[in-house]
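User: Hi! I am new to protein structures and would like to learn how to read one. Could we go through it feature by feature?

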Amino acid sequence: QVQLEETGGGSVQPGGSLTLSCTASQFVIPVMGWFRQAPGKEREAIALFHTGALYTYYRDSVKGRFTISQGAATNTVVLQMSRLKPEDTAMYHCVAGSQWSTLSRDYDSWGQGTQVTVSS
């Protein structure tokens, strides 16, 4: 139901950086974050942010490299990605929901996706 607008995808060399941004049509949503899916692979939660409790989740494979935070408004989340690896290549989707969960089926609002490609 919530409209999500994503920006920031692109192509970078290994070790490079990208910043993704997502803005929701509603002012306050309890949980916002990012999932990603590569062709032939399952969709996985990358980073989640609870706007009320300021609680975060990171997948182990991105800890220390990715940072999720609020943007200029409470309905915006930013994902800063650094030291990118080829295995980070995927379609990245912004999500929003009412419950704290790392399962894709628990989110009803999804952005259209923005492609991140990391290659030499």
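Analyst: Happy to! Let us begin with strands: two strands count as paired if DSSP finds at least two bridges between them. Keep in mind that this is a predicted model. Here strand 4 and strand 9 run antiparallel and are joined by seven bridges. One place to look is V31, whose bridge partner in strand 9 is G97.

User: How many bridges join strand 4 to strand 5, and which way do they run?

Analyst: Six bridges join them, and the two strands run antiparallel. Within this pairing, G33 stands opposite L48 of strand 5. Strand 4 and strand 5 also form a hairpin, with six residues between them. In that turn, G40 has a positive phi of about 80°.

User: Is strand 4 mostly covered or mostly open?

Analyst: Mostly covered: six of the seven residues in strand 4 are buried. For that label, a residue must have under 20% relative accessible area.

User: Where else can I find a hairpin, and how many residues lie between its strands?

Analyst: Look at strand 7 and strand 8, which form a hairpin with five residues between them. Strand 7 covers residues 66-70 and strand 8 covers residues 76-81; they run antiparallel, with five bridges joining them. Opposite Q70 you will find V77 of strand 8.

User: Which residues does M81 touch?

Analyst: Leaving out residues up to four places away in sequence, M81 touches G16, S17, L18, L20, R65, F66, Y92 and V116. Remember R65, as we will come back to it.

User: How do I read a disulfide, and which residues does it join here?

Analyst: Look for two cysteine sulfur atoms within 2.5 Å of each other. The count here comes to one disulfide. C22 and C94 are the joined residues, at 1.9 Å from S to S. The link of C22 and C94 is left-handed, with -80° about the S-S bond. C22 belongs to strand 3 and C94 to strand 9, so the pair ties together parts that are 72 residues apart in sequence. Both C22 and C94 are buried.

User: And salt bridges? What is the idea behind them?

Analyst: Side chains of opposite charge can pair when their charged atoms come close. This structure holds five salt bridges. In one of these, R36 pairs with D88, and their closest N and O atoms are 2.9 Å apart. R36 is in strand 4 while D88 is in the loop between strand 8 and strand 9, so the pair ties together parts that are 52 residues apart in sequence. R36 and D88 are both buried.

User: What is the partner of D88 in the salt bridge at 2.8 Å?

Analyst: That partner is R65. R65 sits in the loop between strand 6 and strand 7, 23 residues apart from D88. R36, E44, R59, R65 and D88 are linked in a network of salt bridges.

User: Is R65 buried or exposed?

Analyst: R65 has a relative accessible area of 8%, so it counts as buried. Its side chain also has a polar atom 2.9 Å from the backbone oxygen of S61, and one 3.1 Å from the backbone oxygen of R83.

User: For contrast, is D60 buried or exposed?

Analyst: D60 is exposed, with a relative accessible area of 62%. The side chain of D60 meets that of K63 in a salt bridge, at 3.1 Å from N to O. L54 counts as exposed because its relative accessibility is 55%. Beyond its neighbours within four places in sequence, L54 is in contact with F49 and Q70.

Definitions and conventions: Residues numbered from 1 in each chain as written. Predicted model: local features only at pLDDT ≥ 70, side-chain atom pairs only at ≥ 80, totals over all residues. Heavy atoms only, no water. Helix = DSSP H or I, 4+ residues; strand = E, 2+ residues; numbered from the N terminus. Contact = heavy atoms within 4.5 Å. Buried < 20%, exposed > 50% of the residue type's maximum accessible area, 1.4 Å probe, protein only. Polar contact = N/O pair within 3.5 Å; in protein donor to acceptor, adjacent residues only side chain to side chain. Salt bridge = Lys/Arg side-chain N within 4 Å of Asp/Glu carboxyl O.
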